[in-house]
Amino acid sequence: MLDQSYSSKSFQEIFDKENRKGINVEKRFKADFVDSLAKVGELKNIRKQIQQETDFDAKKLLYTEKKKLKKERDVLVSGVLDTVANEINSHTINLELGGNYGGQSYVFEKNVHNFFISKKIQDNINKTYNVKQSSRYAILSELLNLLEDNFPKYVIRTDIKSFYESIPQKKLLNKIDTDYLLSIKTKKFIHQIFASYNSLTGQTNPEIAKGIPRGIGISAYLSELFMRSIDNKIRELDDLVYYARYVDDIVAIFIPKSKNIEPIQLVDFKVKLTNLIRNEGLVLNAKKTDDYNLLQGIFDLRFNDNNPNFVSKPIKYLGYEIGSLITFKANGNIKNKELSVRLSKTKTDKYFQKIKLSFQHFKKKKKHNRKNAFKLLSARINYLTSNTKLRNNKDKVFVGIYYSNPFLNNEVSLEILQKRLEWYINRAGLTTNEKEIILKYSFIEGFKKKKFRVLPLKNKKYKSYNRKRNDVSNQHNEGILQFGIAEINSIWKKR
């Protein structure tokens, strides 16, 4: 039986889980954990003493003291969690405006109560309804396999317009309230979240109120819960062989019973899908809705690099453009045709922007410290053209030119990125030596060879073994600086 209680025991589990993910709850809420943080400081000091102590008996005493301090710190943390749990019944959740990242986002008011309550709500919804977001990798893998078989099919690619903002609240809340699966307190807090959201968005009538607050943790779970019944209805459509949705991005593949179906009859598939979603109170984004008649196979969907005037219509989905590359002989006959997967224009432009910002930052900073500015530029371009592993809360996530784009099956997109990089290199006012260093970084090589580098989260200085105790000239040699992921990414964060 799932424990849905908002107790100090539940909060302790959340506290431990977040700390394992690299999120320091005590530092985030310093005012509440001031006493336990003081013990953390004492623990750090005693660990240093243990490392430096050489006498066995003295070290043993230090270990005993360390164990005592750890217990005292645990008691202090438990005291804060007990206080939060005791004040739950009188607490009201409120939201605040966050940043605008493709849409207005929201955040919880920053207090320790909201932190633990929101994490517990999220956990209760997730475990009660077993909702989770689909895997991008799995969707793209399945989609490419289906397209590659060249079997006659009709494809619809679309997305839901203003997805989070358009979900009808009454339908969602009615489901939650009538399922009797979530605890009374969980339902109460969910209703408080929507009341605060509606107040911020100026919605006064709960009967027609729309939207889930974009940006807060539970929204992804609530949106998946709302879409579950819609997904099931779509999967029941006639002649549908494949359907996938990643948040608001949808792809559906139909195989008509007859290959000789009239084009006007194909439109009926699109109409049925559109009407089904509209009947649930949502609207498809017309600008991002395309249909593809592939009754003659995927090779009706062409990238024709031999003819720059050819207007192609690739399938644009989850950061890729999927089509077929056809090359011709001198006599005009087809030489070769193959499935081609490239980066979407949006994703390519994001790489362009990161390259541009890297060089702009170098230009700005080189006047003050050219050596350090160039080293940071080099670290950023190396990061873009290679691969690494995210640390702390995303410990198992690999990112980079290959791991973020594993479905690319040719070098076309990589060559475009490399040319843009070289364009900036040739105009950045670099010395000959600096040019040689930056030109070694290659999107193509980083992808093909899966070049991997280990990076710290924060800037780190590694001890220099050239520094000797009695070497006067090297006394101030503090080691070699390696830029961390946080510093490298700092100029690319959404504004």
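Asp-159 stands opposite Asp-249 in strand β5, and β5 is joined by six bridges to strand β3 (residues 153–159), the two running antiparallel. This is a predicted model, in which local features need pLDDT of at least 70 and side-chain atom pairs count only at pLDDT 80 or more, while totals for chains, interfaces and linings use all residues. Residues are numbered from 1 along each chain as its sequence is written, and side-chain values use heavy atoms, with hydrogens and water left out.

Strands (E, at least two residues) and helices (H or I, at least four) are DSSP runs numbered from the N terminus, and two strands pair if DSSP finds at least two bridges between them.

| Strand | Partner | Bridges and sense |
|---|---|---|
| β3 (residues 153–159) | β5 | six bridges, antiparallel |
| β4 (residues 240–246) | β5 | six bridges, antiparallel |

Ala-244 stands opposite Val-251 in β5, and β4 and β5 form a hairpin with two residues between them, where Val-247 in the turn has a positive phi of about 60 degrees. Because six of the six residues of β5 (residues 249–254) are buried, this strand is largely enclosed by the rest of the structure; buried means under 20% relative accessible area with a 1.4 Å probe, protein chains only. Asp-249, Val-251 and Ile-253 point one way from β5, whereas Ile-250, Ala-252 and Phe-254 point the other way.

Helix α4 (residues 56–86) has 31 residues, which at 1.5 Å a residue should span 45 Å, and its end C-alpha atoms are 45 Å apart, which agrees; the expected span is 1.5 Å times one less than the number of residues. Among the buried residues of α4 are Leu-62, Leu-69 and Arg-73.

Technical notes. Buried < 20%, exposed > 50% of the residue type's maximum accessible area, 1.4 Å probe, protein only.
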